[in-house]
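Subject: Structure handover

Dear colleague,

Here is the structure I said I would pass on. My notes come after it.

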Amino acid sequence: MHEREMIVFDHVTYYYGSSLQPALQDVTLRIPRGEFASIIGPNGGGKSTFIKLLLGLLKPQSGAVKLFGDQPEKTRYRVGYAPQQARVDFRFPISVLDVTLAGRFGVGGQRHNALRFRTSRRDKEIAMSSLEKMGVARLARKSFGDLSGGERQRTLIARALCSEPELLVLDEPTNNIDPLSVEKFYQLLETLRDDVSILMASHDLGVVSNLVDSVVCVNRVARFHPTSEFNGDLVRELYHSDVRLVRHDHRCSEAGHEHRSDVD
Ligand code: ADP
Ligand code: MG
């Protein structure tokens with residue numbers, strides 16, 4: 001099958017449990033390969049649901065999702081995924097390095113499980129270099145449960161990078177990261193974008209105008225737009241309010257550029 005389309009949603013509707021309102025309704029869109037796209041929309045609009053559907057972690061009640069031209073369950077090993085940070089109890093003892101190494105379980109489409117998975121020297125090298133990219137290599141031996149929210153977030157992104165994915169899916173990756181580190185994080189994404197497609201759920205509308213090629217606007221319905229189509233009208237329609245879209249160059253914000261999105 002032709003693989004130019006990385007993600008295809010064809011009339012996808014998804015309901016949680018017995019909800020009367022669908023979380024996503026009749027979503028039809030295509031995202032080409034090589035894209036750096038931001039997923040934006042209000043809280044509860046369905047961004048995380050969209051991501052879980054494209055990974056095959058949720059199954060639509062109607063419509064179909066294709067990832068790399070096939071069923072997402074078959075192709076999602078080609079994706080590195082950092083979930084929106086969950087309120088999970090991390091008191092069990094697992095090191096930062098082991099959390100990161102877990103990102104290599106499915107590499108090459110092999111069906112590893114945690115018990116049969118043997119880590120090679122190369123696995124460890126890649127895990128350490130992913131942690132280095134995220135600036136947390138010095139924490140490798142620490143217990144994951146002892147980390148701050150921001151350090152956990154970085155570890156989960158390192159884990160996603162560790163699988164050397166073709167597509168990196170990041171669900172609100174900057175939520176727990178301080179503003180200075182956010183700038184560095186966006187710089188890192190810029191260095192990755194030549195090698196990997198990126199889908200990032202984000203509230204930072206300023207990023208949209210500078211960093212990404214396209215936006216997926218999600219608020220029960222979802223649409224794909226190239227950045228050139230992205231403007232204040234679209235944002236107002238999406239958030240149903242007068243959100244100010246501030247265009248700024250993210251590389252300048254360390255030099256005192258005001259950084260506002262007025263969202264949330
Ligand atoms: P976003 O990521 O944009 O904040 P979500 O995809 O998390 O939005 O949620 C979309 C809608 O689905 C919201 O109304 C939310 O309350 C609902 N929802 C999300 N997860 C669940 C769940 N596990 N069970 C029931 N409803 C859910
Ligand atoms: Mg979410």
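This is a predicted model: local features need pLDDT of at least 70, side-chain atom pairs count only at pLDDT 80 or more; totals for chains, interfaces and linings use all residues.

**Overall**

The protein chain holds eight helices and nine strands. It has 264 residues, and 52% of them count as buried. If you take the contacts between residues at least 6 apart in sequence, 66% join residues at least 24 apart.

**The six-stranded sheet**

One open sheet contains six strands in the order β5-β6-β7-β3-β8-β9, and its pairing is mixed. At its edges are β5 and β9 (221-226), each of which pairs on one side only. From neighbour to neighbour, the strands of this sheet are turned by 15° on average, ignoring direction.

Two helices that touch this sheet can be described as follows. Helix α5 (residues 149-162) packs on the sheet and touches β5 and β6, and its direction makes about 170° with that of β5. Helix α8 (residues 232-239) lies across β3 (36-40), β8 (214-219) and β9, and runs at about 25° to β8.

Is β6 (residues 167-171) mostly covered or mostly open? It is mostly covered, with five of its five residues buried. Leu 167, Val 169 and Asp 171 point one way from the strand, Leu 168 and Leu 170 point the other way, and all are buried.

On one side, β6 is joined by four bridges to strand β5 (residues 79-82), and the two run parallel. Within that pairing, Leu 170 of β6 has Ala 82 opposite. Five bridges join β6 to strand β7 (residues 197-201), again with the strands running parallel. In β7, Leu 168 has Ile 198 as its bridge partner, and Val 169 has Leu 199. To get from β6 to β7, the chain passes through helix α6 (residues 179-192), and this β-α-β crossover is right-handed.

**The three-stranded sheet**

A second open sheet has three strands in the order β2-β1-β4, with antiparallel pairing. Its edge strands are β2 and β4 (62-67), each pairing on one side only. The twist from one strand to the next averages 10°. Five bridges join β1 to β4, and these strands run antiparallel; Asp 10 stands opposite Ala 64 in β4. Helix α1 lies across β1, β2 and β4, at about 115° to β1.

**Nonpolar cores**

Which residues touch the most other members of the largest nonpolar core? Of its 47 residues, these are Ile 40, Leu 170, Phe 185, Leu 189, Ile 198 and Met 200. Setting aside residues up to four places away in sequence, Ile 40 has among its contacts Lys 47, Ser 202, Leu 205, Val 208, Cys 217, Phe 230 and Tyr 239. Another core lies apart from the largest one; it has 29 residues, including Tyr 14, Leu 54, Leu 167 and Ala 222.

**Magnesium site**

The magnesium ion (ligand 2) is coordinated by OG of Ser 48 and OE1 of Gln 84, at 2.1 to 2.2 Å. These two residues are 36 apart and link distant parts of the chain: Ser 48 is in helix α1 (residues 47-54), while Gln 84 is in the loop between β5 and α3 (96-101).

Why does Ser 48 count as buried? Its relative accessible area is 18%, and buried means under 20%. Gln 84 has a relative accessible area of 31%, so it is partly exposed.

**Tyr 16**

The last item is a residue in a loop. Tyr 16 is found between β1 (5-14) and β2 (24-32). With a relative accessible area of 34%, Tyr 16 is partly exposed. Beyond its neighbours within four places in sequence, Tyr 16 is in contact with Ala 23, Thr 49 and Leu 58. Pro 60 is 44 residues from Tyr 16 along the chain, and the C-alpha atoms of the two are separated by 9.8 Å.

Best regards

How values were computed. Residues are numbered from 1 along each chain as its sequence is written. Chains are lettered from A and ligands numbered from 1 in the order in which they are written. Side-chain values use heavy atoms; hydrogens and water are left out. Buried means under 20% relative accessible area, exposed over 50%, partly exposed in between (1.4 Å probe, protein chains only). Two strands pair if DSSP finds at least two bridges between them. A crossover is right-handed if, with the strands pointing away from the viewer, the path from the first strand over the helix to the second runs clockwise. Donors are N, O and S atoms within 2.8 Å of the metal (3.2 Å for Na, K and Ca); water is not among the atoms, so sites may look incomplete. A nonpolar core is a set of buried Ala, Val, Leu, Ile, Met, Phe, Trp, Tyr and Cys residues joined through side-chain atoms within 4.5 Å. Contact means heavy atoms within 4.5 Å. Axes are lines fitted to C-alpha atoms, for helices over the stretch in contact, and angles run from 0 to 180 degrees between N-to-C directions.
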